[in-house]
Amino acid sequence: MPAMIVAGIDMGIQTIKIVLLKDGAVVTRSKTVSGFEPTKSAEQAFEEALKTAKISKADITLVLATGSGMEMAPYANGTVSMMSADAKAGVFLFPKARTVIDVGAEEARAVRCDERGIMADFVVNERCAAGAGTFIEAMARALEVKLEDMGPLSLKAERASPINASCVIFGESDVVTLIHRQESKPEIARAVFDAMADRVSSMVHRLGLNPEVVLVGGVAKDVGFVESLKRKLGINLLIPENPEYAGALGAALIAAGKAKGAKP
């Protein structure tokens, strides 16, 4: 019996992620910048994934897309919501997971799910990037600090001054005020992550905190945000090795279920 190969494509605002599964196991991952032509970027990433896996597109049984630009995904046979993809990936990676928090470039969301990885409920932050990755980028620019240095810098702080996380513009204004007050960069960096964590944790509490809790999305790789969110929630967080691929992985897992004739 030939192997069943499926694919998941996460058409994110900043990056496109692709995961290929072969008989339920990840065979390759691929990532590229979305750019001005996300469909073309996704095609290139898809070809790269096929090349790495040493398979052809004809070998793939089903392709499902997710993410903000999922309607632009090439080769897709259908789409799934990011919430459903997050739930499926979270339980696949951590079988006891019942809450999945996803913090990406433009949006944060939290999903409550059952033991099968089926979404039961979800919440999404308001349409503002203050609770997402672009907030960190904007604050790093205001601090004149490299984005990748923000997290390690924040860990050096012993305290944090409060800043406004209701809006990127207000947050940036608060950061400038702290700079003029000659607050230290580590303390301002921690203030940025604490403000984000406040916003995300309040969103999670609206959903209801159901252990165990998984954190995915690109921002899950930022040690500063992770530490702040742990403090705000008062719990440990489970973080997979490749948190930014959770959406693509979940889409691929749902594709595998559909290909087998099962409900996603």
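A: Two strands pair if DSSP finds at least two bridges between them. The strands (E, at least two residues) and helices (H or I, at least four) are DSSP runs, numbered from the N terminus. The model is predicted, so local features need pLDDT of at least 70 and side-chain atom pairs count only at pLDDT 80 or more, while totals for chains, interfaces and linings use all residues. Residues are numbered from 1 along each chain as its sequence is written, and side-chain values use heavy atoms, with hydrogens and water left out.

A simple pair of strands shows how the terms work. Strand S2 covers residues 15–22 and strand S3 residues 25–33, and the two pair in the antiparallel sense over 8 bridges. S2 and S3 make a hairpin with 2 residues between them. Asp23, in the turn of this hairpin, has a positive phi of about 50°.

The part for the close look is the sheet that contains strand S7. This sheet is open, has 4 strands in the order S8-S7-S6-S9, and its pairing is mixed. S8 and strand S9 (213–216) are at the edges with a single partner strand each, so one side of each has no neighbour in the sheet. On average, neighbouring strands of the sheet are turned by 15° against each other, with direction ignored.

On one side in the strand order stands S6. Strand S6 (residues 99–103) pairs with S7 in the antiparallel sense over 5 bridges. Val103 has Ala108 as its bridge partner in S7, and Asp102 stands opposite Arg109 in S7. The hairpin of S6 and S7 has 4 residues between the strands.

The other neighbour is strand S8 (residues 119–124), which pairs with S7 in the antiparallel sense over 5 bridges. Here Val111 stands opposite Phe122 in S8. The hairpin of S7 and S8 has 5 residues between the strands, and Gly117 in this hairpin takes a positive phi near 80°.

Axes are lines fitted to C-alpha atoms, for helices over the stretch in contact, and angles run from 0 to 180 degrees between N-to-C directions. Helix H6 packs on the sheet as well, touching S6, S7 and S8, and its direction makes about 30° with that of S7.

Ala89 is a residue of helix H2. At 1% relative accessibility, Ala89 counts as buried. Apart from neighbours within four places in sequence, Ala89 is in contact with Ala246, Leu249, Gly250 and Leu253. The C-alpha atoms of Ala89 and Ala252 are separated by 9.0 Å, although the two are 163 residues apart along the chain.

H6 also has helices beside it. The axes of helix H4 (residues 147–154) and H6 come within 8 Å and cross at roughly 100°. In this contact, Met150, Gly151, Leu153 and Ser154 in H4 meet residues of H6, among them Lys185, Pro186, Ala189 and Phe193. The axes of H6 (residues 185–207) and helix H7 (residues 223–233) likewise come within 8 Å, crossing at roughly 50°. Residues of H6 in that contact include Phe193, Met196, Val200 and Val204, and those of H7 include Phe225, Leu229 and Leu233.

The loop between H6 and S9 holds Glu212. With 36% relative accessibility, Glu212 counts as partly exposed. Leaving aside neighbours within four places in sequence, Glu212 is in contact with Lys96, Ala97, Arg98, Thr99 and Leu238. The C-alpha atoms of Glu212 and Asn236, 24 residues apart along the chain, are separated by 8.7 Å.

Conventions. Contact means heavy atoms within 4.5 Å. Buried means under 20% relative accessible area, exposed over 50%, partly exposed in between (1.4 Å probe, protein chains only).
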